[in-house]
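The points are grouped by topic, from the contact between the chains to individual residues.

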Amino acid sequence: MTATIRPRGSAASATQTTGPDRTGQGRRLLAAAAALGLAVTPHVAAAQSLLNVSYDPTRELYREVNEAFINHRVAEGHDRPQIETSHGGSGSQARSVIDGLRAQVVTLALGADIDEIASRGLLPEDWQARLPHNSSPYTSTIVFLVREGNPKNLGDWGDLVQDGVEVITPNPKTSGGARWNYLAAWAWAERNDQDPREFLTQLFANVPVLDTGARGSTTTFTQRGLGDVLLAWENEAYLALEELGEDSFDIVIPSVSMLTEPPVAVVDRNIEDEAQGELAQAYLEFLYSPEGQALAFKHFYRAWDDSAADPEDVARFPELELVSIEEFGGWGQAQDEHFGDGGTFDQIYQVK
Amino acid sequence: MRALVAKSPMPGFGLGMGITITMLSLVVLLPIGALVLHGLNFGLANNWQVVGTERVMASLFLSFRLALLAALFNLVFGVILAWVLARYEFPGRRVVDAIVDLPFALPTAVAGIALTALYAPNGLFGAFVRDWLAPLGNFLLSPLGVEFSGRIAYTQWGILIALVFVGLPFVVRTVQPVIAEIEREVEEASATLGASRAHTLRRVILPMLMPAALTGFALSLARAVGEYGSVIFIAGNIPMRTEIAPLLIVIRLEEFNYDAASAIGIAMLLVSFALLLVINLIQIWSRRRVGDV
């Protein structure tokens, strides 16, 4: 079929390279390939390094946590460890670990993603009982980010289904945060005598864009000027205020929301020796230490221990009714019922 | 015994063929083979059960329909662009020529974000379309009962624009060298024999461009069908309306449903294969009709 394709010789940009030049290029290419080959098989002392595979909005948090933890280890008299963190959508991060990314520690957006890793035998099924507070060193919730002055006067979940209100949320299929959004709306409907399915169908009829991740939705709302309200992690909403100026957006706290628990775990199968296991364990325990908790507060997470935190960081979180995932029967059940193939979310788009 | 392959006077056939087969196997056949194998293990009926659902069908239909439209658009305007670049001398011709390659060079995510920023309701073109073009169009078309929302980004229009963008260079780059090689004498002969300009264009020039243009069309189509990086930013990704098939594959992967993902992948592969086959047949037919160019 490509009989008539010819090289671009006749186009204006033709450059003819002469013989010796070309061999030089070839050699350089070989050298580059060799360098690449070396680059993909790094030999770092395994015991001194950790890879933490995390989700999207924790970039800022773990940048500081890693630094503090390294200093903490050195102060304790250990060798200086090397901590790396990788960020992305929670689900795809979990898939990378399942497909062989050698993460010693996972800190993801929801338990279901770590359950999935556990179901492939990389860590015990009861991983969530190994650390305090359901293995969640910090929690957050889902709030509304609206435009300055709240022009559409949106105060609670019920207001989001009005005609002419545009709601921005990521796709629950690809985003961990969006699943929490969905369940929070469901919980509100149940408490306010509405049929949750009907309510969510109306809500998603007002959604013009489903981005694949939480950051994508934040961009759509803040930069592209689309939508009246963004359903966001509380920490992400505060971050947006901090980054983009408090005079362009407001945070609205609904009456009911989810207690979102982004859990952490050591991936046992990827631990190479005892020393690395100890390091991984110490890393997660550091998150529970007063110092680690203070950092979580600082980055707009609701943590547990405020003994070392700046009181201002603690005081800025308003009170609201927080619903635990246990009300939905835990992630194992909620995942299948709502977000699995043919679950309640799929049904929203099948009714035409 | 006769040799299976006729001996060629050109040396290096064995080595060349060996490298070709090895490369082709490693780079193309292996991944596609793995995909098909996965599908076979899953079972024919199961595959169909995945693909036959309303939502998957809607996304496949959307992907192929918009890819065809974008490729058609690129076919017409790519040929015109190639003609202008190959036939006329004008200041800045080389710059235009270089610009045509940009969609090749730009990472697709960058293209997607740039297009979204331009066509979003608060973007440069987005605002223009919403405030001027859409009201004007709606005024003119109102007797027909057609209404245009005025939104480009996050609708099927946005997807179409992204697909046109990534596919344009294929047609231009395949057609341009052919135009450059058409000899003027052919046109002059046609004119001396009394053909009008339109007649020369239709009966002399276009048949010669046809095979190359079709190749460009096929490449542009193939690229558009599989495009993910740029579309994902500008499509609204709403199921049944603006959800492209490649996104649905990613969604199935996020659900850890590798079987369903491979089933949709195979369906896309089959449709693409059928489309390319048809295009090839048209090419063969057109070559028979006008002779090889």
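Leaving aside neighbours within four places in sequence, which residues is Leu163(B) in contact with? In this predicted model, Leu163(B) is in contact with Leu66(B), Ala67(B), Ala70(B), Ala224(B), Glu227(B) and Val231(B). Leu163(B) is also among the residues with the most contacts inside the largest nonpolar core.

**The two chains**

- Chain A has 14 helices and 12 strands, whereas chain B has 13 helices and zero strands.
- Buried residues make up 43% of the 352 residues in chain A; in chain B, buried residues account for 34% of 293.
- When contacts between residues at least 6 apart in sequence are taken, 72% of those in chain A join residues at least 24 apart. The corresponding value for chain B is 79%.
- The C-alpha trace of chain B spans about 60 × 55 × 35 Å along its principal axes.

**The largest nonpolar core**

- In soluble globular proteins, nonpolar side chains tend to be buried together.
- Here the largest nonpolar core has 153 residues.
- The residues with the most contacts inside this core come from both chains: Val106(A) and Ala185(A), together with Leu163(B), Ala213(B) and Ile264(B).
- Helix α8 of chain B, residues 156-181, gives the most to this core, with 14 residues.

**Contact between chain A and chain B**

- On the side of chain B, 39 residues are in contact with 30 residues of chain A.
- The elements of chain B that give two or more residues to this side are α3 (54-87), α4 (93-99), α8, α10 (197-226), α12 (245-254) and α13 (258-290).
- Of these elements, α8(B) gives the most to the side that touches chain A, with seven residues.
- The residues on this side of chain B divide into 20 nonpolar, 10 polar and nine charged.

**A four-stranded sheet in chain A**

- Four strands of chain A form an open sheet with mixed pairing, in the order β2-β1-β3-β10.
- Strands β2 (82-86) and β10 (264-266) of chain A stand at the edges with a single partner strand each, so one side of each has no neighbour in the sheet.
- Neighbouring strands of this sheet are turned by 20 degrees against each other on average, direction ignored.
- Strand β3 of chain A, residues 105-107, pairs with β10(A) in the antiparallel sense over three bridges.
- Val105(A) stands opposite Val266(A) in β10(A).

- Not counting residues up to four places away in sequence, Val264(A) touches Val105(A), Thr107(A), Leu131(A), Ser135(A), Pro137(A), Leu284(A) and Leu287(A).
- The C-alpha atoms of Val264(A) and Thr201(A) are separated by 33 Å, and the two residues are 63 residues apart along the chain.

**Helix packing in chain A**

- Two packed helices are described by the angle between their axes and the distance between the axes.
- The axes of helix α4 (residues 111-119) of chain A and helix α13 (residues 330-339) of chain A come within 9 Å and cross at roughly 100 degrees.
- That angle makes α4(A) roughly perpendicular to α13(A).
- Gly111(A), Ala112(A) and Asp115(A) of α4(A) make the contact with Trp331(A), Gly332(A) and Gln335(A) of α13(A).
- The residues of this contact divide into two nonpolar, three polar and one charged.

**Residues with positive phi**

- Most residues other than glycine have a negative phi, and most peptide bonds are trans.
- Asp193(A) has a positive phi of about 55 degrees although it is not a glycine. Asp193(A) is found in the loop between α6 (176-191) and α7 (196-205) of chain A.
- Asp193(A) counts as exposed, with 6 C-beta neighbours inside 10 Å.
- Asn237(B), also a residue other than glycine, has a positive phi near 60 degrees. Asn237(B) lies in the loop between α11 (231-234) and α12 of chain B.
- Asn237(B) is buried, with 27 other C-beta atoms within 10 Å.

Methods
Residues are numbered from 1 along each chain as its sequence is written. Chains are lettered from A and ligands numbered from 1 in the order in which they are written. This is a predicted model: local features need pLDDT of at least 70, side-chain atom pairs count only at pLDDT 80 or more; totals for chains, interfaces and linings use all residues. Axes are lines fitted to C-alpha atoms, for helices over the stretch in contact, and angles run from 0 to 180 degrees between N-to-C directions. Angles under 35 degrees count as roughly parallel, over 145 as roughly antiparallel, 65 to 115 as roughly perpendicular and the rest as oblique. Two residues are in contact if their C-beta atoms, placed from the backbone, lie within 7 Å. Ala, Val, Leu, Ile, Met, Phe, Trp, Tyr, Cys and Pro count as nonpolar, Asp, Glu, Lys and Arg as charged, and the others, Gly among them, as polar. A nonpolar core is a set of buried Ala, Val, Leu, Ile, Met, Phe, Trp, Tyr and Cys residues joined through C-beta atoms within 7 Å. A residue is buried if 20 or more other C-beta atoms lie within 10 Å of its own, exposed if 12 or fewer, and partly exposed in between; C-beta atoms are placed from the backbone. Two strands pair if DSSP finds at least two bridges between them.
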